[in-house]
Amino acid sequence: MASALAARPALGWNQETHRSIALAALHLSRAADARVPIEYRDAFLEATAEADPFDRTCLYHRGTRDHKEAAVQAEKMFVALYSPQANANLYMRSKILGQFVHYVADSAVPNALISGGQSSIVNFFGNRNFVLYRSRHPLPRPAGAPAPAVAAPAPAGSAPAVPPGKSFRELLQIYGSEAQWAEDQEESYSFTFRLAVNLVVDALLLLPPREGKENAPDAGPAVFVINRMDTGRGGKSYDMMMYSVEKYQGRSGRTYSVVTDMWILPGGGPAKSVPNLLAKKALQVVEWRKRQEGDVTKIRTLLFNNQDECAVEVSVKGAKTGFPIPGSIPPNSLREVEVSIPTAFLETEKIQVAGKVGPCSHSPGTIPASPRVVYANTANAPEFKERIADNPPPQ
Ligand SMILES: [Zn+2]
């Protein structure tokens with residue numbers, strides 16, 4: 001076991017973040033909420049945070065120990081939801097449902113967690129804006145689970161079909177791996193969190209809704225968790241990492257150590273303050289994920305047009321030249337775009353995203369940012385309680 005620890009094993013999300021991902025999923029989709037029993041929400045959330053009492057810090061939920069691989073575990077938990085035990089006991093069912101959600105969320109985690117560097121994301125939530133909205137990743141029912149008694153009603157709108165020929169486990173891994181597309185950087189944390197939240201929604205939709213909630217829509221508001229205050233915790237540096245290690249003697253007589261708890265004491269450090277997304281009426285960058293492919297760097301970015309007019313002639317620009325983003329961004333909307341830029345340009349120029357205002361044109365990838373609910377980022381995993389503003393749907 002000592003060697004496994006020395007090899008920096010993989011880690012999943014921490015307990016607070018697991019809870020936050022589950023809460024966000026229920027917030028983002030009323031249909032997902034309709035899959036979770038009302039009676040034992042606390043038990044559900046507890047199990048979501050701590051799915052495996054023998055591995056509370058998620059040391060072995062991903063990586064080389066196959067039996068704990070997150071997507072494999074999620075599949076097992078889904079099947080367990082149909083066991084006689086789960087059918088007979090709503091409390092037990094709520095616990096298993098929480099464990100299911102835990103492992104689904106662990107299938108999309110930041111690079112730093114995959115490589116075992118949990119310390120480097122001690123400030124995952126601090127000094128950042130998070131934007132959540134529904135994006136669909138359709139999943140088939142896991143093998144081994146009985147077919148649903150009643151076929152689920154087709155979701156409204158043009159829901160994408162399940163890609164053929166792939167199992168639940170494989171698709172969950174494929175969708176989750178999008179979190180590894182970009183080089184790890186803080187500007188992609190909002191994306192990765194949203195991906196985990198959406199996968200939880202997609203997975204919950206495989207289950208039957210509560211009685212009377214059959215028509216709950218797979219939709220909700222856009223959720224903004226905005227950076228309002230400088231907590232002084234934006235820095236990457238940290239002071240100390242503490243483990244609690246317990247030694248056990250196995251049946252074979254061999255002694256092994258288990259990390260039972262982990263604390264990281266943040267020390268903060270120099271950081272540039274990230275402005276509150278909603279404070280300025282301007283075109284803003286919410287997420288910035290990049291990946292170098294030789295001479296070219298691909299950038300997947302989420303832009304937010306917080307203006308009452310359409311943003312046009314948008315480009316990623318340096319001092320003199322720029323790289324245009326085709327189309328426009330409607331007022332008060334988000335848009336996902338991908339641009340390819342010579343790596344040398346990014347390395348030598350101080351770049352920014354800029355545009356003008358004008359008449360809208362075709363803009364694929366546009367996401368309405370209204371109606372929305374807004375929460376203050378407290379630098380901790382959001383509990384979605386401190387709602388600070390709503391805005392009405394557009395007229
Ligand atoms: Zn885990």
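**Exercise 1.** Work out in which order three strands form an open sheet, and how they pair.

*Solution.* Start with the order: the strands run E8-E7-E10, and the pairing is antiparallel. Strands here are DSSP runs (E, at least two residues) and helices are too (H or I, at least four residues), numbered from the N terminus. Two strands pair if DSSP finds at least two bridges between them. Next, look at the edges: strand E8 (322–324) and strand E10 (352–357) each pair on one side only. From one strand to the next, the twist averages 30 degrees. Finally, zoom in on E7 (residues 311–317), which pairs with E10 over five bridges. Val 312 has Lys 356 in E10 as its bridge partner.

A word on the model itself: it's predicted, so local features need pLDDT of at least 70 and side-chain atom pairs count only at pLDDT 80 or more, while totals for chains, interfaces and linings use all residues. Residues are numbered from 1 along each chain as its sequence is written.

**Exercise 2.** Find the strands that pair with E9.

*Solution.* First comes strand E6 (residues 296–305), antiparallel to strand E9 (residues 333–342) over 10 bridges.

**Exercise 3.** Describe how H7 and H10 cross.

*Solution.* Take the axes of helix H7 (residues 90–105) and H10: they come within 8 Å and cross at roughly 135 degrees. (Axes are lines fitted to C-alpha atoms, for helices over the stretch in contact, and angles run from 0 to 180 degrees between N-to-C directions.) H7 and H10 are therefore oblique to each other. (Under 35 degrees counts as roughly parallel, over 145 as roughly antiparallel, 65 to 115 as roughly perpendicular, and the rest as oblique.) Now for the residues: Val 101, Val 104 and Ala 105 of H7 meet Ala 196, Leu 199, Val 200 and Ala 203 of H10. (Contact means C-beta atoms, placed from the backbone, within 7 Å.)

**Exercise 4.** Decide where confidence is lowest and where it is highest.

*Solution.* Begin with the average: a pLDDT (the predictor's confidence in each residue, from 0 to 100) of 81, with 75% of the residues scoring at least 70. Helix H1 (residues 2–6) is lowest at a mean of 37, and helix H10 (residues 189–204) highest at 97. Over residues 1–10 the pLDDT is below 50. Where pLDDT is low, the predicted coordinates should not be read in detail.

Definitions and conventions. Contact = placed C-beta atoms within 7 Å.
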